[in-house]
Every structure is written in structure tokens, then in C-alpha cells.
Amino acid sequence: FLLSANSIREAAENAAAKLHVLYVRQRFFLALSIALLLCVLLFFRNGIASYLKMLFLPDSSGHFDWFALISTAVIAGALLVVCIIGLFSALGLHPDEWDVKACLDYGMTHFLPPDMRDPAVAQTYSGYGYTKLENYTWYFYLAGKIALLFKTMFCSLAYYRVPNLLLFAALAFYFVRNIRQKNWLMVALGICVQSWYIFSYTTADALDFTIAFAITCLLCNPQSLLYRTVEKKKLCRRDIPAFLLLGLLFGNIALGKQCYLAILALSFFVLLLRLIWQKDPLQKKVLWRNYLIIVGVFLAVFAFRAGFDIAHYGTEKSQVKEAVAIQYADYDKNPSTPTEELNPSWHMYSRGYTLPDVFAENPDWFAMSYKSFCGLLQDHDTGAWYYWCMGLLYLTLFAGIGIATFRQPDNLQGNVRFVICTLLMVGELAASIVNSWLIESMAQGRYLLPCILIAGYLASTVPELFQKKIYRMLLSIAGILSVGYFGLVGIPLFF
């Protein structure tokens with residue numbers, strides 16, 4: 001009643017003018033992006049044509065690599081579905097996305113971890129009573145800057161998902177470029193729906209998986225930067241970037257989600273076995289020295305992030321966490337709520353429940369963990385045949401790796417490595433169970449994703465296995481089933 005018609009018309013005109021500016025800017029950057037893409041395609045046209053020719057036509061000896069073609073089609077299909085879900089699905093249909101987006105929005109304009117009590121982070125708290133900004137990952141500050149760039153250029157784009165889409169595009173490019181020589185990539189990235197899905201929405205898991213995948217690639221390649229660096233006898237200034245990069249990679253795995261510590265353990269055991277099997281005493285000293293340098297950088301990376309907590313809370317972080325949880329948590333998860341009124345699945349261990357009580361509260365825990373590993377947590381309609389097929393394929397493929405490993409002559413190191421990796425996978429499942437006992441009993445298949453990277457590493461140690469037509473066929477079937485499920489079930493599920 002206090003506004004005149006002229007005031008309303010003027011406000012509407014100003015809003016329309018601002019919106020017009022945003023859309024003009026968006027059209028400009030869209031045209032610029034298309035032009036840059038065309039320039040890149042034009043510049044690399046010979047390489048692209050050569051790759052397509054190699055992919056679809058037999059080589060000079062008449063051999064046609066159908067496995068590389070199918071693998072490329074699988075990862076291309078996965079990339080397409082990831083982009084469709086990421087760019088067009090509504091916000092909030094994916095796990096914890098509202099909370100993660102709020103943290104990402106904070107990271108767009110901030111560079112360093114905040115104090116949990118800062119009013120500026122109040123909007124980032126979830127009903128669980130904590131903010132993901134208290135986690136040690138740098139995802140929100142790195143991805144936030146990329147999101148800010150795309151939000152500035154494209155006003156109608158789901159900017160908060162762009163960083164993860166770019167990460168998966170990079171993984172897909174690496175996959176396509178190397179699949180002919182590194183068939184094990186299909187095991188690590190081509191047969192698990194959840195390893196694709198985490199890139200289609202806003203989650204820090206995408207960065208953790210990408211770093212873990214990068215470390216796995218280093219472990220799988222005997223000529224990689226990792227092995228060249230640890231074998232260096234004489235060091236010079238030019239070696240500093242390599243040590244820093246390796247320390248950063250391992251350090252950021254430690255800062256990420258705890259389930260990816262399995263990849264850190266895998267790296268430790270692989271390098272330890274390399275040290276144990278080294279016969280030359282001088283070379284052993286070289287390995288010890290270079291290992292310690294990497295460990296030093298690793299500890300510095302971890303200490304740098306932990307330093308912010310010490311600066312903010314001193315030795316009272318647990319008390320601060322409880323205080324903010326009381327302030328922000330939902331009633332059924334609030335520390336101040338009487339125990340008998342808390343959510344039955346919440347912090348069961350601290351309330352005196354035993355491990356069997358976890359499965360009594362969630363009797364389908366194992367089934368949901370598995371289904372949300374090779375499928376989607378939100379899907380309740382897919383028939384059991386898909387999960388049975390994928391389970392049989394997974395077991396057969398892993399058994400094939402084991403048989404090929406133990407059949408190799410004089411391969412004690414390889415046999416020990418296989419046993420250790422198998423135990424790491426079992427430990428990953430046990431850690432997921434313990435997490436449900438300590439935090440919340442809800443099953444999460446994404447916590448098991450390091451298992452496929454460990455399996456990929458084991459597959460890389462038996463390259464002769466991929467010469468068997470039956471093994472390549474089973475891998476292809478697993479990939480086709482996975483990408484078919486992802487597209488036919490995933491797209492309708494979110495639209």
C-alpha cells in the first residue's frame with residue numbers, strides 16, 4: 001500500500017535491465033566457449049581423426065580391438081549421463097546436496113577454513129548438527145572458485161555441479177586416451193555406477209575419488225613419477241616439484257573422506273614390499289631417504305590444515321562441536337535431546353547399543369550397501385536380476401585376477417600383494433560397518449568405492465589376463481550393464 005505505481009514500475013524495469021545484462025553476458029560467454037571448443041577441435045583434428053580411425057578400423061596386422069571400442073562407448077555413455085543429471089536435475093535430489101552447496105557457496109568467496117562458531121557459516125549446517133566446512137578437505141575452496149567463474153559467466157547454469165563434471169570429463173579423457181594400453185582402467189572406472197554418479201552432483205567425494213584414482217594410476221605404472229622419484233639416487237632442485245606433488249597427493253587423501261585411507265594403506269604396502277624385496281643395500285638407503293622426504297611433505301600438508309583447528313579451538317574442538325550441534329541439530333539428533341527420544345539409528349555405539357543392534361535396526365544393511373554400490377541409493381524398483389548379474393560378474397572378474405596372480409611362477413611378492421589388497425577390501429567393508437555403528441546405521445555404497453581402485457591395481461599386475469577373450473568379454477558385459485542401468489534408470493529417476 002505504501003508503494004506507488006511508478007515505484008513498482010521502476011523496480012520492475014531495473015530488475016528486467018539487470019536480468020537482460022545477465023543473459024547478454026551469458027550469450028557472449030556461450031559463444032566464446034563454443035568458439036574456443038571449435039578451435040581446440042580444429043587444432044587437434046589430426047589426433048582425433050587418428051584415434052577414431054584406430055578405434056573403428058583394424059590395425060596394420062588386421063587386428064580389431066573391439067574391447068577398446070566397447071570400453072570407450074561405456075565411458076562416453078557414462079559421461080553423457082553424468083552431464084545430463086548434473087546440468088538438468090533439480091537441486092536436492094541427491095545425498096546431502098543442499099548442505100554441500102551451501103558449503104561450496106561459502107568457498108566461492110573464502111580461501112581458508114572458518115571457525116565453526118562464525119555466523120557466516122550458519123547456513124551451512126545440516127540437520128545432523130555439523131557443517132562440512134569442519135572437514136579437512138580443501139574441496140569447497142578449490143571447487144568454489146571454479147563454481148564462481150561459471151556462475152559469473154552463465155547465470156542459468158547449475159554452477160555448483162560444474163567442478164565435478166569437469167573432474168569426470170578429465171577422468172574420461174584419461175580413460176579413452178589410455179584404455180588400449182591399460183586395460184585395467186576398465187576395472188577401476190568402467191564397471192561401477194556409483195563411481196560415475198558421485199560426479200553428477202555436488203559432493204566432496206568426487207575430489208577424493210579423483211585423487212585416489214590418480215594415486216592408483218601412479219601405482220599401476222612401473223615408469224610413473226612415483227617410482228622414478230623414489231628410485232632417484234642423486235637429488236637436485238629439479239626433483240623438488242615431484243616430491244611436493246607426491247606429498248600433496250598423499251596428504252590430500254588423508255584430508256579427505258576416511259574410506260579413502262584404504263588407498264593410502266595400499267600405497268604404503270606397495271612401497272613397503274618394494275623396499276623389502278630390494279636386494280641392494282645402497283638402493284635400500286635411497287628408498288628410505290626418498291620415502292622419508294615424501295612422508296615429510298605429507299605430514300606438512302596435514303599439519304597445515306590441522307593448524308587452523310588449533311588456531312580456532314585450541315584443545316577444545318570437541319566441546320565446540322557439541323555446542324554448535326546443540327545449536328543447529330534437529331531434535332532427534334541433538335545432544336541435548338533425552339536419549340530415549342533420539343533417532344534409533346543415531347550414534348548407536350555411544351548410547352550403549354551393540355553391533356548386532358545395528359543390523360537389527362537396519363536389517364537390509366548389506367543389501368543396501370551393495371545395491372547403492374553398483375546402482376543408485378534412490379532406486380527401489382530395479383529387479384533383483386541386475387544385482388545378481390553384477391554380483392556374479394564382480395566375483396568372477398576378481399577371481400580371475402586372483403587365479404592369474406597365483407599362477408605366475410616365482411611370484412611370492414605378487415601373492416603377498418594380492419592377499420594384502422584382499423584384506424584391505426574386507427577392511428573397507430568392516431570400516432563401513434563400524435561407521436554405521438558410530439555415526440548412523442544408514443548403508444552407503446559410496447564408502448566402498450576404494451575397493452574398485454584396489455581391484456584395478458591388482459588387475460594391472462597381471463596384464464596377460466586381458467589377453468583372454470573371455471575375460472575381456474565379461475568386463476565388457478559388466479560395463480554395458482552398468483552404463484545401461486545408469487542411463488535407463490538414473491535419468492528417469494531424477495526427472
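This is a predicted model: local features need pLDDT of at least 70, side-chain atom pairs count only at pLDDT 80 or more; totals for chains, interfaces and linings use all residues.
H94 is situated in the loop that runs between α3 (66-88) and α4 (97-109), and because its relative accessible area is 4%, below the 20% limit, H94 is classed as buried. When its neighbours within four places in sequence are set aside, H94 is in contact with I85, S89, R161, Y197, Y201, Q378 and F494.

One of these contact partners, R161, also takes part in a salt bridge, in which its side chain meets that of E97 at 2.8 Å, N to O. E97 belongs to helix α4, whereas R161 lies in the loop between α5 (139-153) and α6 (162-178), so this pair ties together parts that are 64 residues apart in sequence. Both E97 and R161 are buried.

Across the whole structure, 15 salt bridges are found. Another of them links the side chains of K101 and D105 at 2.8 Å, N to O; these two residues are four positions apart in helix α4 and are therefore separated by about one helical turn. K101, at 15% relative accessibility, counts as buried, while D105, at 24%, counts as partly exposed.

A further salt bridge, at 2.9 Å, N to O, is formed by the side chains of K257 and D205. As K257 is located in the loop between α11 (240-255) and α12 (261-276) and D205 in helix α9 (residues 205-220), the pair ties together parts that are 52 residues apart in sequence. K257 is partly exposed, with a relative accessibility of 22%, whereas D205 is buried, with a relative accessible area of 3%. K257 and D205 are also members of a network of salt bridges that links them with D96, K132 and R446.

Terms used:
Residues are numbered from 1 along each chain as its sequence is written. Side-chain values use heavy atoms; hydrogens and water are left out. Buried means under 20% relative accessible area, exposed over 50%, partly exposed in between (1.4 Å probe, protein chains only). Contact means heavy atoms within 4.5 Å. A salt bridge is a side-chain nitrogen of Lys or Arg within 4 Å of a carboxyl oxygen of Asp or Glu.
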